[in-house]
Amino acid sequence: MDIAHLSDRILNADRRALARAITLVESARADHRVAADDLLSRLAASGRQSLRIGLSGTPGVGKSTFIEAFGMMLIAKGLRVAVLAVDPSSARSGGSILGDKTRMERLSRERSAFIRPSPSQSHLGGVARRTRDAVALCEAAGFDVVLIETVGVGQSETVVSELSDLFLLLLAPAGGDELQGVKRGIMEIADLILVNKADGDLKATATRTCADYAGALRLLRKRPQDPEGFPKALTVSALEEAGLEQSWEEIQALANWRRESGHWDRNRAAQAQYWFAEEVRQALLARLETPWARSRMAELSSAVADGRQTPQAAARDLLAGLGV
Ligand code: GDP
């Protein structure tokens, strides 16, 4: 494979080359990994940066509807938009919630858009690492905005926040004053909470829900990466395309503040360190996946069960055998 040529085509915003490169970084084949690393190193020199926006919400809250409407609005402003997904369900079941082709039909027909479903990998860590590479490829291809979507199922938000410059949480209007069981950890990583479906009969409920969340956000510890007034809660209607301009204005205001205050660069530097540590961890774990390591592990495991070896001594034996 001619990596130099592929790299040039990506820098020239060739979407087919981009799709091919993403397939390459998702491949587990050893020769593909080498080619992918070469490609990513070449492209890192481009220095291009997109605005990376993480977006999470439970199934049915309106993520695809929102991304389509929001993406179309950005394209109308002359921006190029990529949409990537981190879908832990594809890892578990082989079927992807975020990957089906009928989603975002209008957006997928736009020349300025690029949509890619979640890579299917055996675990969330693998999905996230490959998505990180895909984000880097989209940046090199000159996309202005990269939206990284995930289903709200806990852990995946944390991983997506390690890929994003800012994080949106999409919520549905809720009756009563229940905070929808949104976990505190997720509230803490949200920069903007968007209460969707603020239309028709749901409008009043959405307004009340939004006020509840605005109150809850004010109770959270102040974060250094926030200017006055953030994190913020807004109502939107993806269906009626209401509140999208305001959401974009808030996103830009926050992104500009973070760029000027240095938080943007600090966040990206910390993320690079996180992914470095993650690569090391994963490479060490991969050492355990060889046939030798598996059978040695089984032997030592029964020795531990019989009391012939202590867990510590058995672990040391195994690691010594791996040369770690
Ligand atoms: P996802 O699973 O989070 O991607 O949600 P979808 O975008 O597929 O939307 C789920 C359902 O909610 C669909 O029937 C949408 O038409 C509907 N929906 C999405 N956004 C809105 C909205 O702003 N208002 C209303 N009333 N319905 C919406």
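## Helix α11

In α11, the buried residues (under 20% relative accessible area, with a 1.4 Å probe and protein chains only as cover) are Leu244, Ser247, Trp248, Glu250, Ile251, Leu254, Ala255 and Arg258. Viewed along the axis of α11, these buried residues fall within an arc of 160°, so they line one face of the helix. The arc is taken from the directions that run from the helix axis to the C-beta atoms. Glu249 and Glu260 are exposed (over 50% relative accessible area) and sit on the face of α11 turned away from its buried side.

This is a predicted model, in which local features need pLDDT of at least 70 and side-chain atom pairs count only at pLDDT 80 or more, while totals for chains, interfaces and linings use all residues. Residues are numbered from 1 along each chain as its sequence is written, and side-chain values use heavy atoms, with hydrogens and water left out.

Helix α11 covers residues 244–261, which makes 18 residues. From its first C-alpha to its last it reaches 26 Å, close to the 26 Å expected at 1.5 Å a residue; the expected span is 1.5 Å times one less than the number of residues. Helices (H or I, at least four residues) and strands (E, at least two) are DSSP runs, numbered from the N terminus. Just after α11, Gly262 takes a positive phi of about 90°.

## The ligand site

There are 15 residues around the ligand, and Gly60, Lys63, Ser64, Thr65 and Asp199 come nearest. A residue counts as near if one of its heavy atoms lies within 4 Å of the molecule. The shell divides into four nonpolar, seven polar and four charged residues. Asp, Glu, Lys and Arg count as charged; Ala, Val, Leu, Ile, Met, Phe, Trp, Tyr, Cys and Pro as nonpolar; and the others, Gly among them, as polar.

In the side chain of Thr65, an N or O atom is 2.5 Å from an oxygen atom of the ligand. A backbone N or O atom lies 3.0 Å from a ligand oxygen atom in Gly62, and 2.9 Å from one in Ala238. The protein covers 69% of the 580 Å² of accessible area that the ligand has on its own, by the Shrake-Rupley method with a 1.4 Å probe.

Phe230 and Pro231 are joined by a cis peptide bond, with omega about -5°. Pro231 is in the loop between α10 (203–219) and β7 (232–235).

Glu241, in the loop between β7 and α11, has a positive phi of about 55° although it is not a glycine.

Definitions and conventions. A polar contact is a pair of N or O atoms within 3.5 Å; within protein, one must be able to donate a hydrogen and the other to accept it, and residues adjacent in sequence count only if both atoms are side-chain atoms.
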